[in-house]
Amino acid sequence: GEYSTDFELLSHGSGGDVSKPYLDELPGTYSAQLEIFEWLDQLVSKAGQEGAIAALDYYESIEWLSTESRDDLEEFVNGLESATSADASLGISDHRESLVYVARLTGRLRP
């Protein structure tokens, strides 16, 4: 896929040990929901809805997300208005940012 080289660079840049925070489900708290909206809004405003969904599919394929959490996130994306017809492609820094969100959201699930 178009992202695979990005991820290789991403994992290479971190010494090759990107630990995969596997987001099994979305945290239900209000503050977590705000964080999810903030993250997805960034993806949509940069890459449009299709680009954001493609990124989520990619994150599922590399096991950052479970199928369930990707489905839930895609529902959020479909509910977000894409203000512009943004179609810029996401770069490594965007995926790094996503990884930070995934890790933070995963952390919220753990007591």
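Which residues does Trp39 touch, leaving aside those up to four places away in sequence? In this predicted model, the contacts of Trp39 are Leu56, Tyr59, Leu65, Leu73, Ser98, Tyr101, Val102 and Leu105. Trp39 also belongs to the largest nonpolar core, a set of 27 residues. Along with Trp39, the residues with the most contacts inside this core are Leu40, Leu56, Tyr59, Leu65 and Leu73. At least two core residues come from each of helix H2 (30–61), helix H3 (67–79) and helix H4 (92–109). H2 provides the largest share, with 13 residues.

On the H2 side, the contact is formed by Gln33, Ile36, Phe37, Trp39, Leu40, Val44, Gln49, Ala52, Ile53, Leu56, Asp57 and Glu60. Their partners in H3 are Thr67, Arg70, Leu73, Glu74, Phe76, Val77 and Asn78. By residue class, this contact of H2 with H3 comprises eleven nonpolar, four polar and four charged residues. Trp39, Leu40, Leu56 and Leu73, named above among the core residues with the most contacts, take part in this helix pairing too.

Between these two helices runs a loop that includes Glu63. The backbone of Glu63 has a phi near 70°, a positive value in a residue other than glycine. Glu63 has a relative accessible area of 47% and is therefore partly exposed, as exposed residues are those over 50% and buried ones those under 20%.

Definitions and conventions. Residues numbered from 1 in each chain as written. Predicted model: local features only at pLDDT ≥ 70, side-chain atom pairs only at ≥ 80, totals over all residues. Heavy atoms only, no water. Core = buried A, V, L, I, M, F, W, Y, C linked by side-chain atoms within 4.5 Å. Buried < 20%, exposed > 50% of the residue type's maximum accessible area, 1.4 Å probe, protein only. Helix = DSSP H or I, 4+ residues; strand = E, 2+ residues; numbered from the N terminus. Contact = heavy atoms within 4.5 Å. Nonpolar A, V, L, I, M, F, W, Y, C, P; charged D, E, K, R; others polar.
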